[in-house]
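Have the viewer open and follow along.

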Amino acid sequence: MPDVLFAPWRYEYLVSDKTGGNCFFCEAASSEDDRESLVVHRGRKVFVILNRYPYTNGHVMVAPCAHEASLSQSPEDTRAEIIETVALAERILTEAYRTDGLNVGINLGSAAGAGVADHYHVHVVPRWSGDTNFMTVAGDVRVVPEEPAATLARLRPLFAGARA
Ligand SMILES: [Zn+2]
């Protein structure tokens with residue numbers, strides 16, 4: 001069992017059709033039902049969404065609203081807002097879940113493990129000391145007692161009341 005999970009976001013399980021068609025993130029970005037789409041926060045050019053199949057409680061993703069494949073294709077103001085929003089998520093998750101640490105990462109391209117390869121997104125995954133003792137990503141076993149709806153209810157007011 002590893003002491004550190006280098007890439008807990010390596011395996012993504014998203015509800016979208018990965019062979020093409022609608023983009024999961026674009027659908028969420030344009031959705032008018034934040035509870036159904038699990039959108040936690042909407043900024044100017046980016047939004048925060050729960051991972052429907054999280055690695056740990058509070059696992060969120062920060063993505064641009066526009067369909068952009070990589071950081072280098074993203075306009076500078078979007079990139080800036082992405083990193084500011086990741087910092088906001090860091091602060092909120094650390095407080096809300098009393099985390100000991102966070103994994104923050106981006107998979108660019110399907111070869112790097114991106115489940116949705118053409119709409120980039122930053123994973124922010126809460127971690128606790130010793131959590132690998134009972135949770136393994138390699139074995140595809142997760143200990144996630146909190147329902148996404150509960151996570152949404154917990155995080156939405158925190159993002160709403162916060163400033164990046
Ligand atoms: Zn998209």
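## Arg98, out in the open

Arg98 is exposed, because its relative accessible area is 71%, over the 50% cut-off. In this predicted model, Arg98 sits in the loop that links α3 to β4 (101-106). Its backbone is worth a look too: the phi of Arg98 is near 45 degrees, a positive value in a residue that is not glycine. For context, most residues other than glycine have a negative phi.

## Leu38, a buried counterpart

Leu38 also has a positive phi without being glycine, here near 65 degrees. This residue belongs to the loop between α2 (34-37) and β1. Is Leu38 buried or exposed? Leu38 has a relative accessible area of 6%, so it counts as buried.

## The chain as a whole

Stepping back, the chain has 4 helices and 5 strands. Read from the N terminus, the order of elements is α-α-β-β-β-α-β-β-α. Of the 164 residues in the chain, 46% are buried.

## The largest nonpolar core

Which residues touch the most other members of the largest nonpolar core? They are Phe25, Phe47, Ile49, Val60, Val62, Leu155 and Phe159, out of 33 residues in that core. Two or more residues each come from α1 (24-30), β1 (39-42), β2 (46-50), β3 (60-64), α3 (76-96), β5 (122-127) and α4 (148-160). The element that gives the most is α3, with 7 residues.

Val60 shows how these parts come together. Setting aside neighbours within four places in sequence, Val60 is in contact with Val48, Ile49, Leu50 and Asn51, with Ala89 and Leu93, with Val122, His123 and Val124, and with Leu155.

## Where α3 meets α4

The axes of α3 and α4 come within 11 Å and cross at roughly 130 degrees. That angle is why α3 counts as oblique to α4. The crossing of α3 past α4 is right-handed.

On the α3 side, the residues that take part are Leu88, Ala89, Ile92, Leu93 and Ala96. They meet Arg154, Leu155, Leu158 and Phe159 of α4. Sorted by class, this contact between α3 and α4 has 8 nonpolar residues, no polar ones and 1 charged residue.

Val40 is part of strand β1. With a relative accessible area of 5%, Val40 is buried. Not counting residues up to four places away in sequence, Val40 touches Val48, Ile49, Leu50, Leu152, Leu155, Arg156 and Phe159. How many residues lie between Val40 and Arg156 in terms of sequence separation? The two are 116 residues apart in sequence, while their C-alpha atoms are 5.0 Å apart in space.

## Ser70, a buried loop residue

Ser70 lies in the loop between β3 and α3. Its relative accessibility is 12%, so Ser70 counts as buried. Beyond the residues up to four places away in sequence, Ser70 touches Leu108 and Tyr120. Ser70 and Ala117 are 47 residues apart in sequence, and the C-alpha to C-alpha distance is 8.9 Å.

Notes:
Residues numbered from 1 in each chain as written. Predicted model: local features only at pLDDT ≥ 70, side-chain atom pairs only at ≥ 80, totals over all residues. Heavy atoms only, no water. Core = buried A, V, L, I, M, F, W, Y, C linked by side-chain atoms within 4.5 Å. Buried < 20%, exposed > 50% of the residue type's maximum accessible area, 1.4 Å probe, protein only. Contact = heavy atoms within 4.5 Å. Axes fitted to C-alpha atoms, helices over the stretch in contact; angles between N-to-C directions. Parallel < 35°, antiparallel > 145°, perpendicular 65-115°, else oblique. Left-handed = near helix turned anticlockwise from the far one by under 90°. Nonpolar A, V, L, I, M, F, W, Y, C, P; charged D, E, K, R; others polar.
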